[in-house]
Amino acid sequence: MSRCPRCDDAGYVTRPGERWAEARVCRHLASCPQCHGRGLTIANDAAGHALAAPCACPIFSVAKRVDLFNRAKIPARFASSRIDTYVYRDHGGTQFRVKGVFSELCETFAPGARGVGLSGDPGVGKTHLLTALCGFFALELGLEVRYTDFADLIGELRAGFERGGGAETLVGTVVDAPVLFVDELGKGRATEWEQSIVDAIISRRYSRGLTLFFATNYGLDDRLDALDREPLQVRIGPRAASRLREMCRFEAIIGPDGRELQAQTMERPGAQAAVKARPTSAPEPPKRAPAGMQRVR
């Protein structure tokens, strides 16, 4: 039988929502001829009694993983992030190697395992890799994950305090997630209060053995970088930085700014016309899982 052109038989499709990335069960599962999207088939036994039995189609499993993805709060812009679509121009950098690290995680990861901390200049693909792995864990491995931008988290906490609320509920949602992804770690004013929030999240996850992945623009060692930016340790405090070294494998992404390269490409004669000429009626189907991975059914 031919593969579904909408989902490539993954069973789900993703799209940008108003704020977060959204997934839904593909129509070809919802229109299963055996269960008609209910996940159950009805048959009569020898005595003529109607019995319900699970359908052979994977709609229940896919619906559960779709819900996990939708609750992860991946930014809408990265709804279609995939590790295999991470574009790099290495030229002596580390982007190819780091992409390999994330591809391997798709095949070997288990909750509680050591995470990865990414450091690099803007535009090298840190957020693409984090969102791609977060989405893969939810949609393909069926893992409960949570994604947050550190600046957004701090903003939500401040707003909560201004409304007279506390931080415990919001911090709890990121502390309790079995697998947490934090982007832009260290961003902000690095006040004592902000450092206390970082310390609370990292310390509590450290004590419970929960996996953390993060990305930062600040260096992972104790020195100023080439742009005279402070090291991450200064931004989040020495205790939190020490625990991160045990919780995460540190990887520095070195490479060109992909946004700048894309802008240069779009400025070439005829480039914008070529983009406008591309068909837009149907979304590009998601890529297949890496070799060796079997989708959860």
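The entries below take the ring pairs, then the cavities.

I worked from a predicted model, in which local features need pLDDT of at least 70, side-chain atom pairs count only at pLDDT 80 or more, and totals for chains, interfaces and linings use all residues. Residues are numbered from 1 along each chain as its sequence is written, and side-chain values use heavy atoms, without hydrogens and water.

**Ring pairs.** I searched the whole structure and found seven aromatic pairs (rings of Phe, Tyr and Trp, the last by its six-membered ring, with centres within 6.5 Å; planes under 30 degrees apart are stacked, over 60 edge-to-face, the rest tilted). Phenylalanine 137 and phenylalanine 181 make a tilted pair, 6.1 Å centre to centre with 55° between the planes. This pair joins helix H4 to strand E7, 44 residues apart (helices, H or I of at least four residues, and strands, E of at least two, are DSSP runs numbered from the N terminus). I noted both phenylalanine 137 and phenylalanine 181 as buried (under 20% relative accessible area, 1.4 Å probe, protein chains only). Tyrosine 147 and phenylalanine 181 are stacked, at 6.5 Å and 20°. Ring pairs link Phe109, Phe137, Tyr147, Phe181 and Phe213 into a cluster.

**Cavities.** I counted three cavities of 30 Å³ or more (sets of points on a 1 Å grid over the protein atoms alone where a 1.4 Å probe fits but cannot get out; lining residues have an atom within 4 Å of a point). H7 gives the most to its lining, with three residues.

Methods
Buried < 20%, exposed > 50% of the residue type's maximum accessible area, 1.4 Å probe, protein only. 1 Å grid on protein atoms, 1.4 Å probe; cavity = no way out; pocket = protein on both sides within 12 Å on 5 of 7 lines; lining within 4 Å. Points joined across faces, edges and corners; volume = space filled by probe spheres on them.
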